[in-house]
Amino acid sequence: MKLLLVAGARPNFMKIAPIIRALSAWRIAHSAKDIEYKLVHTGQHYDYEMSKVFFDDLEIPAPEYYLGAGSGSHAEQTAKVMVEFEKVCGDERPDVAIVVGDVNSTLACSVTAKKLNLDVAHVEAGLRSGDMTMPEEINRIVTDAIADYLFVTEKSGEDNLLKEGKPKEKIHFVGHVMIDNLLCQLQKLKQEDGSRFESNALKEKLRRYAFLTLHRPSNVDDKEVLSGIASALNEVSQETPIIFPIHPRTRKMIDEFKINLSEYIHIMDPLGFRESLFLWKDAVMVMTDSGGFQEETTALGVPCITIRENTERPITIEIGTNILAGNKKEDILKCYREIMKNPKKGEVPPMWDGRAAERIVDILFNRIRRFTR
């Protein structure tokens, strides 16, 4: 019994780590020496520091395969991954290819595996933003259309898949591996001395701050949009200093557009998961355009402003701590003032209990065993 685990971009690593832990535990608990799994890193996030620091932080073993997708257009990147992943599948002939999230690697590897008549499991299935201008939305829809196992994080995902005509027996509401990873890392962080982090001095100095991530093309590739966001952030920072680990793409566009950021916005290089958590868990709020942060902040009860026009994670707004602001200056400032006046408390969504990966592994192995007897 052989599985291939596919990771390509930063968020994928956070979702793969709990699955690797659950697979290892399952093998030990069931003395299953005939179960084999291999990690495939597509290289979609080609920035070495952004990739390596996550492998170290999340204690992910070195990948057996590195496909070196690198940069390029969506078509070029997807094509590179497909060509190289086809070779891996030909060599390994896995029972299941496990893909996570909604990046180009997710789409490329699911299509390639399915054309080779291999089963595909999609972790984080069913999420929909309704925005077809987002490459991630296309990746989600295509992957879900062909996947054999649809592992859902929230009720909206299940509803979306049923509306799209997916068979109920393929859909499994398991919770969220991202939260598995978050709770695991939080526990490890509690046992560490925070002073080891370079950012500790800044955290101690500021004490009260917001934490920011910004990387989506719709926010950073348009000068007018990015200028408006920056103007809002500059205004926020006058009252609440902002810690901003900057994505390489965002840094490039800020420099290219000659946008000035306030001295109260403290820019730093990309952080490992644990150091990032060390900062944002104690922030007044998180401001982000990342899907993962919307969920993680809800899980820990930290107020979140999402700088986007839509979200594929409605549970974080319905019962969580997330507010959808859009990317206009006045709307961002309105949401900021709302949180300052009355922070959203929120609830933790059902089954976000740190055991999603265990459920995924149980479902996969029990089904595979049933069909291979």
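The model is predicted. The secondary structure consists of 16 helices and 13 strands. The radius of gyration is 20 Å, close to the 21 Å that the globule rule gives for 373 residues, so the chain is as compact as a globular protein of that length.

**Overall dimensions and packing**
- Along the principal axes, the C-alpha atoms fill a box of roughly 65 × 40 × 40 Å.
- Buried residues make up 58% of the 373 in the chain.
- Of the contacts between residues at least 6 apart in sequence, 68% join residues at least 24 apart.

**Strand 4 and its cover**
- Strand 4 spans residues 96-100 and is mostly covered, with five of its five residues buried.
- Val96, Ile98 and Val100 point one way from strand 4, while Ala97 and Val99 point the other way.
- The residues on both of these sides are buried.

**Pairing of strand 4**
- Strand 1 (residues 2-7) runs parallel to strand 4 and is joined to it by four bridges.
- Strand 5 (residues 119-125) also runs parallel to strand 4, with five bridges joining the two.
- Val96 of strand 4 stands opposite Leu3, and in strand 5 the bridge partner of Val96 is Asp119.

How values were computed: Residues are numbered from 1 along each chain as its sequence is written. This is a predicted model: local features need pLDDT of at least 70, side-chain atom pairs count only at pLDDT 80 or more; totals for chains, interfaces and linings use all residues. Side-chain values use heavy atoms; hydrogens and water are left out. The radius of gyration is taken over C-alpha atoms; the globule rule is 2.2 Å times the number of residues to the power 0.38. Buried means under 20% relative accessible area, exposed over 50%, partly exposed in between (1.4 Å probe, protein chains only). Contact means heavy atoms within 4.5 Å. Two strands pair if DSSP finds at least two bridges between them.
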